[in-house]
Amino acid sequence: MQKTPSLERASSTPAFRASPDFSLVIACYGEANFLKKSVLQLIDLLALTQIQYEFIFVDDYSPDATRQILLELAEDLEKAQLSYKIIFNEKNLGRGGAVKRGIRAAEGKIAGFLDIDLENRPEALFPMYLMVKHQNYDLVVGKRIERLVKLTLIRTITHKVCKLLCRVF
């Protein structure tokens, strides 16, 4: 059997809480610059719901201060009595490997993952959660529309300029 690559694990589940409804897996690699701010945004957002949740952070052997910031966040989450787990990989497994480890550690009835840079809007989590919970979906996948629109606009402009240049020359 293959040894699970985890140097240490910190976790906390407040005694007054039942098992979470939702486990949010956050794979971290080189996220020191915005990790704490993004987690605070997620806490504020999830506080607007009635969902019992847990955070599962998987540090994928980050070369920066991500590990230290996660340990500091653990203290803050503990004080706020929020449920969390932190997994530290001994080697870089890639985003997919980190997400898979987080999902395996999830205790929630529903699990999801989000990049901590929040390029995918975290507000989409709640409707997706409801689709799984109430409409019996097995899987819900989000898509960044804004990025697609920007690329389409750039491609359209580039295409028209190319056509114009071809006519002129």
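At what angle do helix α1 and helix α2 pack, and how far apart are their axes? The close-ups below come from a predicted model, and the opening view takes up this question.

**View A. Helices α1 and α2 pack against each other.** Two packed helices are described by the angle between their axes and the distance between the axes. Here, α1 (residues 35-47) and α2 (residues 66-79) meet at an angle of about 35 degrees, and their axes lie 10 Å apart. Their crossing is right-handed. From α1, the contact draws on L35, K36, V39 and I43, while α2 brings T66, I69, L70, L73, D76 and L77. Sorted by type, the residues of this contact are seven nonpolar, one polar and two charged.

**View B. Strand β2 is largely enclosed.** Have a look at residues 22-28: seven of the seven residues of β2 are buried, so the rest of the structure largely encloses this strand. In a regular strand the side chains alternate between the two faces of the sheet. In β2, F22, L24, I26 and C28 point one way, whereas S23, V25 and A27 point the other way, and all are buried.

**View C. Strands β2 and β3 run parallel.** Strand β3 covers residues 53-59 and is joined to β2 by seven bridges.

**View D. Helix α3 spans residues 94-105.** With 12 residues, α3 reaches 17 Å from its first C-alpha to its last, close to the 16 Å expected at 1.5 Å a residue. Buried positions in this helix are G97, A98, V99, R101, G102 and A105.

How values were computed
Residues numbered from 1 in each chain as written. Predicted model: local features only at pLDDT ≥ 70, side-chain atom pairs only at ≥ 80, totals over all residues. Heavy atoms only, no water. Axes fitted to C-alpha atoms, helices over the stretch in contact; angles between N-to-C directions. Helix = DSSP H or I, 4+ residues; strand = E, 2+ residues; numbered from the N terminus. Left-handed = near helix turned anticlockwise from the far one by under 90°. Contact = heavy atoms within 4.5 Å. Nonpolar A, V, L, I, M, F, W, Y, C, P; charged D, E, K, R; others polar. Expected span 1.5 Å × (residues − 1). Buried < 20%, exposed > 50% of the residue type's maximum accessible area, 1.4 Å probe, protein only. Pairing = 2+ DSSP bridges.
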